Amino acid sequence: MNGVGSAGRPLRVAVVGAGPAGFYTLGHLFRCPDLHLEVDLFERLPAPFGLVRYGVAPDHPKDKSVARVFERIAGDARLRFFGNVEYGRDLVLDDLQAHYHQVVFATGAQQERALDVPGESLTGSHSAAAFVAWYNGHPDYAQCRFDLGVRDVAVVGAGNVALDVARLLCRTPAELEQTDIAAHALEALRQSRVRNVYLLARRGPAQAAFTPREIRELGELPGAQVSALREDLLLDPAVPGDADSDAARNVACVQGYANAAPRGDGRRVTLRFFVSPTALLGSAGKVTGVRLARNAPRVNPDGSVQVTSTDAQETLPAGLVFRAVGYRGEPLAGVPFDRQRGTIENQRGRVTDAGKVLAGLYTAGWIKRGPSGVIGTNKTCARDTVECMLEDLSLARHLQPASPDPRAMDDLIAARVAGVVRYSDWRAIDAAEVRAGEAVGRPRVKFTDVAAMLAVLGRDPGGRAS
Ligand code: NAP
């Protein structure tokens, strides 16, 4: 065979985005027997691993250990890593189409979603996405400021991100010091005066998006007590039938919190259900509270539960409000985007334009299917995409690059990006972070700006090459 994918004509693949979906895509490709391939992985930041580094909560080191799997994949000789190279700025679609047979977009979903209520732009109203990226040391968010001098905080949403935010706000400094939380966040949380965290769910515990492990973990915090209001729980119309289901476990856990006797004088997390913010209240431009409408549940014929707002209102004090109501993907230059869903338009991972498949273009992960599931969900998602890629390859449905020589891409990048970070460079940055951590008894101290990462390599952070 001397077609694309043979020893004489390796399949050339570009993967854009070095997060879990990008790495799982590579893992599946590298496991294909008899496929000769060369893969270039492009990442906007100098550091790989996306959500594992910048999204997973720092007090969840086990969830981060998947990075070791990605490190093994990165060691494959068929892979070249190009960090600090941004699609849309340093590279455009034409460039990728000119150099590769197949291109996979795996750029994730980092944009916040809005609540669309009055007062959302008051100072002190933030997206959880920004807070998470800030405490994880994401360079784009290192300059953010969160006023942790307030007493009351409201977190809107009932997903795992809402729980991450509530939990991190309640961890003690001693607990946080054991993690790789960004140094600026550690310092700010050390000074925190937050006492009350309200988690605001528009539906009931049986419909919550959080998972049993995470809601249980909230009750295990040494420095905080969790409570729930019994009257909220009485509203729940749908008691899950299967006692082993996540919904049933969530309900049982929350009921336990509602029945627990108050103890201690530590921080308090109050879970509220069947409430929706109708406005953020403020004074002198700063958020001071949340007006809530109580919701009435309605069970649909298919068993799903919807809510409608009632006239019953209440007001909660809050000097900080975090919207943890999900993420959205961002459009990529030249790639068809489904604005409704916030994803690249695609069928099973094949990029489409108004329903028509665009040969050679693929997508995987959150930018393909939306922000759902755990890190491992991206493995199955990437497998589906790779199946499409292989099927199309067998039918010779791929791009016809004019410059398939790997050196041509080296030249192009060298001409455009002064501070390109190769995988060996990343390992030097990684080692420097770990060394800095050892000096202060922490797993690592993250660099939170790109210039500091490039300085480790002795590179001038002076921007693009052209
Ligand atoms: P999510 O799981 O989709 O949860 C979003 C929450 O926001 C839902 O409770 C939703 O309620 C609520 N919501 C949406 N719009 C709202 C509105 N206008 N007003 C009030 N509430 C609203 O999203 P996420 O928490 O951002 O998590 C994203 C993904 O990452 C999830 O798959 C999550 O499991 C995963 N993750 C996992 C972990 C972990 O494994 N430890 C940690 C973090 C994130 P409705 O259900 O009523 O729409």
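Biologist: Where is Phe-274 found, in terms of the strands around that residue?

Modeller: In this predicted model, Phe-274 is found in the loop between strand 10 (267-272) and strand 11 (275-283).

Biologist: What is the value of phi at Phe-274, and how should I read it?

Modeller: Most residues other than glycine have a negative phi. Phi of Phe-274 is near 60°, a positive value in a residue other than glycine, and Phe-274 counts as buried, at 0% relative accessibility. Asn-84 has its place in the loop between strand 3 (79-83) and helix 5 (93-99), and with a relative accessible area of 6% Asn-84 is buried.

Biologist: Which residues take a positive phi in the hairpins of strand 12?

Modeller: In the hairpin formed by strand 11 and strand 12, which has two residues between the strands, Ala-284 in the turn has a positive phi of about 50°. In the hairpin of strand 12 and strand 13, with five residues between the strands, Gly-303 takes a positive phi near 95°.

Biologist: In which sense do these strands pair, and over how many bridges?

Modeller: In a regular strand the side chains alternate between the two faces of the sheet. Here strand 11 pairs with strand 12 (residues 286-299) in the antiparallel sense over eight bridges, and Leu-281 has Gly-289 in strand 12 as its bridge partner. Strand 12 also pairs in the antiparallel sense with strand 13 (residues 305-317), over ten bridges, and there Val-299 stands opposite Val-305.

Biologist: How do I describe the packing of two helices, and at what angle do helix 6 and helix 7 cross?

Modeller: Two packed helices are described by the angle between their axes and the distance between the axes. The axes of helix 6 (residues 128-135) and helix 7 (residues 160-170) come within 10 Å and cross at roughly 50°, which means that helix 6 is oblique to helix 7. The crossing of helix 6 past helix 7 is left-handed.

Biologist: Which residues meet there?

Modeller: From helix 6, Ala-128, Phe-131, Val-132 and Tyr-135 meet Val-161, Asp-164, Val-165, Leu-168 and Leu-169 of helix 7. The residues of this contact divide into eight nonpolar, no polar and one charged.

Biologist: How many residues of helix 1 are buried?

Modeller: Eleven of the eleven residues of helix 1 (residues 20-30) are buried, so helix 1 is largely enclosed by the rest of the structure. The buried residues include Phe-23, Tyr-24, His-28 and Phe-30.

Key
Residues numbered from 1 in each chain as written. Predicted model: local features only at pLDDT ≥ 70, side-chain atom pairs only at ≥ 80, totals over all residues. Heavy atoms only, no water. Axes fitted to C-alpha atoms, helices over the stretch in contact; angles between N-to-C directions. Helix = DSSP H or I, 4+ residues; strand = E, 2+ residues; numbered from the N terminus. Parallel < 35°, antiparallel > 145°, perpendicular 65-115°, else oblique. Left-handed = near helix turned anticlockwise from the far one by under 90°. Contact = heavy atoms within 4.5 Å. Nonpolar A, V, L, I, M, F, W, Y, C, P; charged D, E, K, R; others polar. Buried < 20%, exposed > 50% of the residue type's maximum accessible area, 1.4 Å probe, protein only. Pairing = 2+ DSSP bridges.
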